[in-house]
Amino acid sequence: MGKLDAFKEIVQQGASTAELTWLRIGGPIDYLARPRSEEEALALLAACREDGINVRALGDGSNILVSDVGAPGLALQLCEPAFCGIEIDSPYVTAGAGAKLGRLATATASVGLAGLEGLIGVPGTVGAGVVTNVSTPDVSLGQWVDSARVATYDGKAFDMTRDEFVFEYRSSNLEGLIVLSARFRLEPDDAEALSKRLQKIWIARNQSMPELKPGEGLARLFKNPRGQSAAELVAESGFSGANIGGASVCESDANLVWTQVGCKSDNVKRLISLIQKQASERAGVELERELEIW
């Protein structure tokens, strides 16, 4: 493994991406690394750069589609305890990159801090969520970010403050960086009222989700075009309920792809391509993928 030999305790070779991603499909990744501290993560990144190994940030795999033959390089997953903490010092909340968005929403609402309750039921982690500015009809994560600790892919860490960020719809100027932790400034509110709001959002979000059997997966397909709904465009293009080799468009939310056992990555890619072609021809809209393809 070259310089990766020094990281045998945290690096796994040939890990199945089907077990790492929400779609439950995909071949092996060359290396999977789960560092136990910031120092270890930075040293690992530096070693990969020296060895010419491409690094990909994994998060919890909720928006990643991996080829059936697998992917080259190293998947970096910040899921160890050092990266999963949530510390509250009202009105500030600091969360590690590996903290789940739903857990962050629950933790902040329970102490009477408003702003992030709209993230309940949203898959993903804080690190990936900040980089992609994860957004729902109720919240855009970037609007609450006060500062962040980030790393370059060659292993250098530094801090960024609010005036250095640029957040746009489901994107930011943090792309190309790895978020190690983020601090949010929220608004004090009534904890009981926030709890009720959180529960209401949770119920509504769950109603659009199909019940998955073991081995089945689910992920969002497209970003919403400005002023339009991707789900409505997919449905209007005639793809609600469509199925290609076990890759199905959900009828309850046409912007979700549901993968059944035995589905191949290429089937999902084909479905995406057909939907994009039809949306372009029928509605003149170019649908941008939300799924990241490895």
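Helix α2 (residues 101–110) is mostly covered in this predicted model, with seven of its 10 residues buried, where buried means under 20% relative accessible area with a 1.4 Å probe and protein chains only. Helices here are DSSP runs of H or I of at least four residues, and strands are E runs of at least two, both numbered from the N terminus. The buried residues are Leu101, Gly102, Leu104, Ala105, Ala107, Thr108 and Ala109. They pack against β6, β7, β8, α3, β13 and α4, contact being heavy atoms within 4.5 Å. Just after α2, glycine 112 takes a positive phi of about 80°.

Residues are numbered from 1 along each chain as its sequence is written. Local features need pLDDT of at least 70, side-chain atom pairs count only at pLDDT 80 or more, and totals for chains, interfaces and linings use all residues, while side-chain values use heavy atoms, with hydrogens and water left out.

The largest nonpolar core holds 36 residues; such a core is a set of buried Ala, Val, Leu, Ile, Met, Phe, Trp, Tyr and Cys residues joined through side-chain atoms within 4.5 Å. Leu116, Val126, Val130, Leu174 and Phe184 touch the most other members. Helix α2 gives the most to this core, with five residues. Among the contacts of phenylalanine 184, leaving aside residues up to four places away in sequence, are Ala95, Leu104, Leu116, Val126 and Trp144. A second, separate core of 24 residues includes Phe222, Ala230, Ala247 and Val257.

| Strand pair | Residues | Bridges |
|---|---|---|
| β6 and β7 | 86–89 and 92–96 | four |
| β7 and β13 | β13: 178–185 | five |

A hairpin joins β6 to β7 through two residues. Alanine 95 is the bridge partner of isoleucine 86 and also stands opposite alanine 182 in β13.

A pocket is an open set of points on a 1 Å grid over the protein atoms alone, where a 1.4 Å probe fits, with protein on both sides within 12 Å along at least five of seven lines; lining residues have an atom within 4 Å of a point. β6, β7 and β13 each supply at least two lining residues, and β7 gives the most, with three. The lining includes Glu38, Ile86, Glu87, Ala95 and Arg149.

Definitions and conventions
Two strands pair if DSSP finds at least two bridges between them. Buried means under 20% relative accessible area, exposed over 50%, partly exposed in between (1.4 Å probe, protein chains only).
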